[in-house]
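Trainee: Hi, could you walk me through this one? I'd like to go piece by piece.
Mentor: Happy to, let's open it up.

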Amino acid sequence: MNPSRLFILRPVATSLMMLALLLIGSVAYRELPVSALPQVEYPTIQVVTLYPGASHDVMSSWLAAPLERQIGQLPGLSQMSSSSSSGASVIVLQFSLNLNIDVAEQQVQAAINAAANFLPDDLPMPPIYSKVNPADAPVMTLAVSSGTLPLTRVEDLVDTRLAQKLSQLSGVGLVSISGGQRPAMRIQVNPAALSAYGLSLENVRHAIAGANVNQPKGMFDGLTLTPMMCAKMLRHVDEARAGWFYRASGRFLAGMNEGYGRLLRFVLRRQGVTLFVGVATLALTVILYIFIPKGFFPIQDTGVIQGITEAPQNISFTAMADKQQALTEVVLHDPAVDSVASLVGVDGANPTLNTGRLMINLKPLAERKTSAVEVIRRLQTKLGQVQGIKLYLQPVQDLTIENRISRTQYQFTLDAVDQGELSCWTGLLVDWLAQSPVLADVSSDLQDQGLQAFVSVDRSSASRMGVSIAAIDNALYNAFGQRQISTLFTQSNQYRVVLEVKPEFRNSVAALNEVRVQSSNGTQVPLSAIATVSQRFAPLVVNHLEQFPAATISFNLAPGAFLSDAIDAIEQAKQGIELPLSVHAGYQGATQAFSASLTDTVGLIIAALVTVYIVLGVLYEGYIHPVTILSTLPSAGVGALLALMLSGTDLGIIGIIGIILLIGIVKKNAIMMIDFALELERKEGKPAHEAIYQACLLRFRPIMMTTMAALLSALPMMPGTGVGSELRHPLGITMVGGLIFSQMLTLFTTPVIYLAFDRLGRRIRDNFETLALPAGKE
């Protein structure tokens, strides 16, 4: 059966069908979404719980712990980490890739419901979960401003109108509002004046809550167009009537073929040397693979830089905002920067008051002429002029492996049972790594030097005066905890009613002396009469990994360093400080995936080679010549690895993909030679030497044409300058280097190896035939 015959006999129908396919393809091309990488949905869910006024230890023990106990029992959960700070708790859940994100969502919701009985009764809102990775940078940042409306009104309009419409769009995972001032009814009390009336903040809270009540009362190209076009258009061209270009190109190609034939005869007379070159190529491939620097994904320039700011742990909100604004002004003065979005304050993305975020949008690459990495290095020298705050910068990437926000590009964690032991060893390890020449911007998220006021209650005095611990707790919460005591309902939104003391009564520790606590007989007792206040260091945030205290150490690579160098430096540091077994160190995100890829890469390549060998063995019904075809691959490996090393590029995931791709492309040279040589041996009875020689000459032109087609298609990826093109550079480098080197080598090594294996196969067959003869029949 010839499937192409019908299309040869119907040229008009074939042409029209191809035209229709062309039109359909043109329309589909315009509608096809563009993405740098395939859409991979990592099953990651973030659970955020807000409890204004609660300290880090309350958030950790009262909120995070009950949720972690329930969520930790979910099947398919691969990792759970949490961060608990003043007023906010964020739990990040990463599920295995084979679990559907919608199934994981249902499981998380059930776990939250099961933990509800253990959560505080006065929690303003239940835990909120989102199917997003908190480490991902937002795909779009919109800045909304007004020259006439106050900031609270702008926030209200964005919350009720814009954010809701954006959330309804297909594909939107989370819309968050930051940087504004959420409208609320704030009731600020003068505690001294209130006490003079014999009233307490608790009386005010009950009065407002009681007054604000409103409860209800009641394949076509290959088999169709090409054969038809050949039948209609291919004609024998008389040499005398052909044009000059046809004659010139023909002479050029014939000259190349003749030159290749002379070189091939020269090589075939020296088969021993050529075999040695083939074996040496295999050995060189192994050596180069061992010594080439290893990496993961190349750093892309997407035109966006993410910044994490960090100030002293005892800084106030006002001072933090001022210092971050100073950083923003320095960044905006850089000629490569187009705009900056600055965010401070505790929320689901920002754990503590002394940290903030910057989202820096760069001008198009054609305008700025410098890469994002060079812009970061230039900014870091200028940012040092701003005292009392540090800015960590990293380019935003198309692919994010991490599941938590990090100051820098790479990270690993330490976890232990004891928080004190964890703090000690984290500090030692950070100090050691900071001295490493291959690491830069080494830091940790361990923040245990924040100032906190501790109220020590004299229980005997409090009992004698009729003051309960609960009354003291309520008095402090009412005064300083941003307590939400009621809710105002409107047609479009709901607004919290917040109780607090006036600003002048909460600016220092001395303000605690003005707090009055109501006793059982209704009198107002000064807090200083029943308690002493001390100020000492305390953690700003409590981080957990799998429910154990954890600290994340983040770092960037020094200029000219590779990720494999960083891994070696970390392992040496762990041995240098003699990290105890009670403190566990584990890589996270990109460093974890890189460590796994080091062990998986060799297995992946071997699996690909075994698969190709099996397919070729079935095709040729033999065990020997598939090895001949696979013998072409080391030359491609040498070319690819040499090209990467000469260009100063590490061997990462994209380079490995290029090498796997080369396995499929390069082996076709040997297949085209060996397939034709075997045909000449079987049908025309030619000896192996003559058969492979003729096969090489006859297949030389199609081999060159197919290789040039693949080479020219890969060439533009090497110097590509589009947005995020750095991701494609290693693929172009490996393919171009591998194709050039393998083409030059396999044109000569393949026929020699073919003859060597042919002799080996004949010798094996002769030995089997000798052993199979009966005794005395030799």
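Trainee: Where is leucine 23?
Mentor: Leucine 23 sits in helix H2, residues 11-31. Helices here are DSSP runs of H or I with at least four residues, strands are runs of E with at least two, and both are numbered from the N terminus. Before we go on, this is a predicted model, so local features need pLDDT of at least 70 and side-chain atom pairs count only at pLDDT 80 or more, while totals for chains, interfaces and linings use all residues. Residues are numbered from 1 along each chain as its sequence is written, and side-chain values use heavy atoms, with hydrogens and water left out.

Trainee: Is leucine 23 buried or exposed?
Mentor: Leucine 23 is exposed, with a relative accessible area of 53%. Buried means under 20% relative accessible area, exposed means over 50%, and partly exposed is in between, using a 1.4 Å probe and protein chains only.

Trainee: Which residues form a nonpolar patch on the surface?
Mentor: Val12, Leu16, Leu19, Leu22 and Leu23 do, and together they have about 520 Å² of accessible area. Patches are made of residues with over 30% relative accessible area and no salt bridge; nonpolar side chains (Val, Leu, Ile, Met, Phe, Trp, Tyr) are joined within 5 Å, and like charges within 9 Å. The areas come from the Shrake-Rupley method with a 1.4 Å probe, and for residues only the protein chains shown count as cover.

Trainee: Next helix, then. Where does helix H3 bend?
Mentor: Helix H3, residues 56-71, bends by about 40° at alanine 64, and proline 66 follows within four residues. The bend is the angle between axes fitted to the seven residues ending at a residue and the seven starting there. Both alanine 64 and proline 66 are among the buried residues of H3, which also include His56 and Ile71.

Trainee: Changing topic: how many salt bridges are there?
Mentor: The count comes to 17 salt bridges. A salt bridge is a side-chain nitrogen of Lys or Arg within 4 Å of a carboxyl oxygen of Asp or Glu.

Trainee: Which residues does glutamate 500 pair with?
Mentor: Glutamate 500 forms a salt bridge with arginine 186 at 3.1 Å, N to O. Glutamate 500 also forms a salt bridge with arginine 506, where the closest N and O atoms are 3.4 Å apart. Glutamate 500 counts as buried because its relative accessibility is 2%. Arginine 186, at 44%, counts as partly exposed, and arginine 506 is partly exposed too, at 32%.

Trainee: What about arginine 205?
Mentor: Arginine 205 forms a salt bridge with glutamate 202, with the closest N and O atoms 2.6 Å apart. Both lie in helix H7, residues 201-211, three residues apart, about one turn of the helix. An α-helix has 3.6 residues a turn, so residues three or four places apart point the same way. Arginine 205 and glutamate 202 are both buried.

Trainee: Which residues are linked in a network of salt bridges?
Mentor: Asp102, Glu105 and Lys131 are.

Trainee: Now strands. How do E13 and E14 run?
Mentor: Strand E13, residues 483-489, and strand E14, residues 494-501, run antiparallel and are joined by six bridges. Two strands pair if DSSP finds at least two bridges between them. E13 and E14 form a hairpin with four residues between them, and phenylalanine 489 stands opposite glutamine 494 in E14.

Trainee: What's the phi of lysine 369?
Mentor: Lysine 369 has a positive phi of about 65°, although it is not a glycine. Most residues other than glycine have a negative phi, and most peptide bonds are trans. Lysine 369 is in the loop between helix H12 (365-368) and helix H13 (372-383), and it counts as exposed at 67% relative accessibility.

Trainee: And glutamate 578?
Mentor: Glutamate 578 also has a positive phi, near 55°. Glutamate 578 is found in the loop between helix H18 (563-576) and strand E20 (584-588), and it counts as exposed at 64% relative accessibility.
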